[in-house]
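Trainee: I've got a structure open and I'd like to work through its pockets with you. Can we go step by step?

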Amino acid sequence: MAEQFVRITEQESHYHHLENMTVAELLQNINKEDSTVPAAVEKAIPQIEPLVTAITDKMLMGGRLFYIGAGTSGRLGIVDASECPPTYGVPYGLVIGIIAGGEKAITNAVEFAEDNKEQGWADLIAHNVSDKDVVIGIAASGTTPYVIGALEECRKRNIITGSISCNPGSPVSAAADYPIEVVVGPEFVTGSTRMKSGTAQKLVLNMISTSIMIQLGRVEDNRMVNMQLSNEKLVDRGVKMLMLRSGLTDYNEARDLLLTHGTVRKALTSIGQ
């Protein structure tokens, strides 16, 4: 099945003899290619919207969101998942990133990990995945066995699935209830899908998680009122946010109030706002 469609992500680069380009030419041409990505993502918004709605509905009923992928795709899922708790104050484990090859694969390539079609489901089972949850498979090529196998097993068990890929009509799309296809064309370096494809996946992941968190009430106006106060920069940001929202004019008073209650939202609630 994987051979019945065109892998645009593997097609020849539009550029040749890269080694002969000056640094300025390399940077300009990479940037020229990167500038095409947002337009490709925009075309996929009608595919992204129903998936966001489905995830939000599941989360409001106590479900979780899983990202599962290999290589760059898997790492991007882990990055997005890991940023949700500090940014929005949600519990760790609400959004979970899984990568083929396990934790070692986050920083080191694990040979042939993505080729194991059974392991993806086994990794999900280790997190007690159920039909309360949603699983998104991330695979630039759309042919990663690790991801496809996981989504197929999810579908057998009525677990809602989505996918993010960069080739149209791919096997991973066929395995997903809500396939997202962002077709960015050939890479600047032929087949190097960490480039435009990776950028496209990152943009889509940002859109998905941010939209969900807003729908879950983790943002007020345009501010991260539930962010974790994990460093001085975030404490300072929180103090200024609290002062703006509450009318407090004394920085130290606002800081003490914020640190006492842990989040901007809780601090505002404590003073009746």
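Trainee: Which element gives the most to the lining of the second largest pocket?
Mentor: Keep in mind that this is a predicted model. The second largest pocket has a volume of about 290 Å³, and 16 residues line it, with Ile78, Ile96, Gly97, Ile98 and His127 closest to its centre. Both α4 and β2 (95-99) supply at least two residues of that lining. The top contributor, with five residues, is β2.

Trainee: And which element has the largest share of the lining of the largest pocket?
Mentor: That pocket holds about 430 Å³ of space. Its lining counts 28 residues, and Ala70, Gly71, Thr72, Glu114 and Thr193 lie nearest the centre. The largest share is four residues, and they come from α4.

Trainee: Which of the "active site" residues does the lining of the largest pocket include?
Mentor: An unreviewed UniProt entry puts its "active site" annotation on Glu83 and Glu114. Their C-alpha atoms are 24.2 Å apart, so the two don't gather at one spot. Glu83 sits in helix α4 (residues 71-88), while Glu114 is in the loop between α5 (104-107) and α6 (119-125). Of these residues, the one included in the lining is Glu114.

Trainee: Is Glu114 buried, exposed or partly exposed?
Mentor: Sequence neighbours within four places aside, Glu114 is in contact with Ala70, Ala100, Thr144, Pro145 and Tyr146. Its relative accessible area is 37%. Buried would need under 20% and exposed over 50%, so with 37% Glu114 counts as partly exposed.

Technical notes: Residues numbered from 1 in each chain as written. Predicted model: local features only at pLDDT ≥ 70, side-chain atom pairs only at ≥ 80, totals over all residues. Heavy atoms only, no water. UniProt positions renumbered as here; feature names shortened; annotations may be inferred. 1 Å grid on protein atoms, 1.4 Å probe; cavity = no way out; pocket = protein on both sides within 12 Å on 5 of 7 lines; lining within 4 Å. Buried < 20%, exposed > 50% of the residue type's maximum accessible area, 1.4 Å probe, protein only. Contact = heavy atoms within 4.5 Å. Points joined across faces, edges and corners; volume = space filled by probe spheres on them.
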